[in-house]
Amino acid sequence: MRSAVCWISRHLLHRHSLLGHSPTCKLTAGVSKTDKFRLYVPDLEELRGVLQTGLEKNFAEVRVSVSECPDLTKEPFHFPAEGLCGNPRITDVGGVSYLFPLPQKDKEYNMNIISKEVELPGAFILGAAAAPSSRVNAELMPLVLTEAQGRPAVNSSYFACINPANGQCLQEKYSDRFSDCNFGLLGNLYACEGKSGKVIEVRTKRRTGGHSLVTALRKTLEGCYPDKSLALGGTFIIQKGKAKIHIMPREFSVYPLITSEDVNNWLKHFEVNAPLICQSVLVSRDPGLDLRIEHTHCFSHHGEGGHYYIDTTPDCVEYLGYFLPAEFVYRIDRPKETHGAGLI
Ligand SMILES: [Zn+2]
C-alpha cells in the first residue's frame, strides 16, 4: 500500500533553495513535492539467506554473511564516515528526463539540503549522480559527509569526465576543483548516519549468469518479495577483473537524444580495471514513484571511474560488498514526464 507523504507545507521554505545556489538556477513550476515511502526491511539474517540463495544462480562462489561494517575511512575506501549504519534511507533526485531529449542545465542540487530533505541532516551520503553541468559534464561518485551543527561538510566525492587531450577517462577528486557539495540533473543516493554496525557482506567469485552483481541482488529481492518494495544501498569492490563503464561527454548533444541508440552513441564507453570501488543504490520494485531501480558509479585509485554496467571478465571476477536495506525512499524533484531513451 502506498503511503506517500506530502511535505510541501513543512518544507515549503527550503523547497525554494533545493536546487542549490548557482545563479543559473531557477525555481520552476516543475519542482514538485517530495514523496516519502516506507520500504520493507527484512531481518538481516533472513536477508542473508535470501541473497545467498539468489546470488548462487549468478555466481559460482557466493558467501553472504551478516558482519560488522569495516571502517570505511580506511583503505581502499577513504570515505568521510566509518560505516553504512544509522537510519539508512535512499533518495531518487531529479531524473533522466532532465537530461534527455535536451538537458536542463539549471537542475542543480546541494547535498546539505538533500540531507535535510531526507530528514537526516549531517548524513553521510553515497551513490551515483551527475556532476553539476554548470561546472563540468561528468559522472559523479558522491561521497559526502554533509554539514552539521559545528561541523562543515566533508566532500570526498570523485568525478569522471572525458579528457579533452586524449578522449580517455579523466577522474578527479571533486574537492580538488570545487568547494561545494552540488550535483546536477539526477542522483540515486543512500544516506545514513555513517555509523559502524552490522551490514550484509557479500563475497562472490566467477560470474556464471548474465546479470551484474547489482542486477543479481535486485532480481533476487524482486523474486523473493514480489509484493513488497525493498532497497539496498552500499559499496562494493570489484577486486579482480575488468568492468564496462560509460562517461558522459563534456559537451551535451546539440541534437535531441530521442532513442536509446541516440543515447548510447553519445555516451563514451570504456573497459576499466580492478580494483574499482563502486557505490550502488537498488530498488526491488518501484512503488509508483518513477524510481530508477538501480544505479551504480565507481571510482578507483588508478584514475579510472564512471557508470558501472557489469564486469567483462566473468571467469575471474571477484566482488566484495557491504550493503544495508533502506527504511525509506524519498522522491525529490520528480520529473513530470518519464523519458525512456536510456539510463545514464
Ligand atoms: Zn550513472
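## Contacts around A231

Two residues are in contact if their C-beta atoms, placed from the backbone, lie within 7 Å. By that rule, A231 touches a set of residues beyond its neighbours up to four places away in sequence. They are L39, I90, V281, L282, V283, P325, A326 and V329.

The model is predicted. A231 belongs to its largest nonpolar core, which has 97 residues. Which residues there touch the most other members? They are I114, I125, F159, L189, A231 and V329. Strand β11, residues 182–192, supplies the largest share of this core, with 7 residues.

## Overall make-up

The protein has 344 residues, and 50% of them count as buried. It contains 6 helices and 20 strands. Take the contacts between residues at least 6 apart in sequence: 80% of these join residues at least 24 apart.

## The nine-stranded sheet

An open sheet is built from 9 strands. Their order is β2-β12-β19-β13-β16-β17-β18-β14-β15, and the pairing is antiparallel. Which strands stand at the edges? They are β2 (59–68) and β15. Each has a single partner strand, so one side of each is left without a neighbour in the sheet. Neighbouring strands of the sheet are turned by 30° against each other on average, direction ignored.

## Pairing at the β15 end

Strand β14 covers residues 242–247, and β15 covers residues 268–273. The two pair in the antiparallel sense over 6 bridges. β14 is also joined to β18, residues 306–311, by 4 bridges. Those two strands run antiparallel as well.

One residue can be followed across both pairings. H246 stands opposite H269 in β15. H246 also stands opposite H307 in β18.

## Pairing at the β2 end

Strand β12 (residues 198–207) pairs with β19 (residues 318–325). The sense is antiparallel, and there are 6 bridges. R203 has L320 as its bridge partner in β19.

S65 lies in strand β2. Is S65 buried, exposed or partly exposed? S65 counts as partly exposed because it has 14 C-beta neighbours inside 10 Å; a buried residue would need 20 or more, and an exposed one 12 or fewer. Leaving aside neighbours within four places in sequence, S65 is in contact with R48 and E201. S65 and R203 are 138 residues apart in sequence, yet their C-alpha atoms are 8.6 Å apart in space.

## Helix α2 across the sheet

Helix α2 spans residues 44–55 and lies across β2, β12 and β19. Its direction is at about 170° to β2.

The buried residues of α2 are L47, V50, L51, G54 and L55. Seen down the helix axis, they fall within an arc of 115°, so they line one face of α2. What covers these buried residues? The cover includes β2, β12, α5 (213–224) and β19. The face turned away from the buried side carries the exposed residues E45 and E46.

Definitions and conventions:
Residues numbered from 1 in each chain as written. Predicted model: local features only at pLDDT ≥ 70, side-chain atom pairs only at ≥ 80, totals over all residues. Pairing = 2+ DSSP bridges. Core = buried A, V, L, I, M, F, W, Y, C linked by C-beta atoms within 7 Å. Axes fitted to C-alpha atoms, helices over the stretch in contact; angles between N-to-C directions. Arc of directions from axis to C-beta.
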